[in-house]
Amino acid sequence: QVQIVESGGGLVQPGGSLRLSCAASGSIFSIYAMGWHRQAPGKQRELVATITGGGSTNYADSMKGRFTISRDNAKNTVYLQMNSLKPEDTAVYYCNAHIATLYGQTTRYWGQGTQVTVSS
């Protein structure tokens, strides 16, 4: 069993910042790429950012320069620092991780999501 738990969402004013965290736990042998996606009401889920086990990052164009993804491999945790937030960043943010379990399976696991609302 593997659990993915996000935290750090909430309500923030335009121009503000939030930091999301996502921790993986359970029968983990190794974690490869980790990342964040988001889904706004009435829209498809879209990529926000990814980070490899070695620390290489990739961002959606609209997030470059405002969002920073990082990870702590010792804690099996990935973070998303979001600055200069805009109302259009309002969405449910989902963490995901490619995990090899102790039972020899490699699967992409998703968290339940955390709501981010940017509004004055």
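This is a predicted model: local features need pLDDT of at least 70, side-chain atom pairs count only at pLDDT 80 or more; totals for chains, interfaces and linings use all residues.
Residues are numbered from 1 along each chain as its sequence is written, and side-chain values use heavy atoms, without hydrogens and water. Local features need pLDDT of at least 70, side-chain atom pairs count only at pLDDT 80 or more, and totals for chains, interfaces and linings use all residues.

Strand 4 (residues 28–39) and strand 5 (residues 46–51) run antiparallel and are joined by five bridges; strands are DSSP runs of E with at least two residues, numbered from the N terminus, and two strands pair if DSSP finds at least two bridges between them. Within this pairing, M34 stands opposite I51. Six residues separate the two strands of the hairpin, and G42 in the turn has a positive phi of about 75°. Strand 5 is also joined to strand 6 (residues 57–59), by three bridges in an antiparallel arrangement, with A49 partnered by Y59. This second hairpin has five residues between its strands, and G55 in its turn has a positive phi of about 100°.

The charged end of R19 is 4.1 Å from the centre of the Y79 ring, and R45 lies over the face of W110 at 4.8 Å from the ring centre.

L102, in the loop between strand 9 (91–101) and strand 10 (106–110), is exposed (over 50% relative accessible area, 1.4 Å probe, protein chains only), with a value of 54%.

Definitions and conventions. Helices (H or I, at least four residues) and strands (E, at least two) are DSSP runs, numbered from the N terminus. Buried means under 20% relative accessible area, exposed over 50%, partly exposed in between (1.4 Å probe, protein chains only). A charge sits over a ring if NZ of Lys or CZ of Arg is within 6 Å of the ring centre and within 35 degrees of the ring normal.
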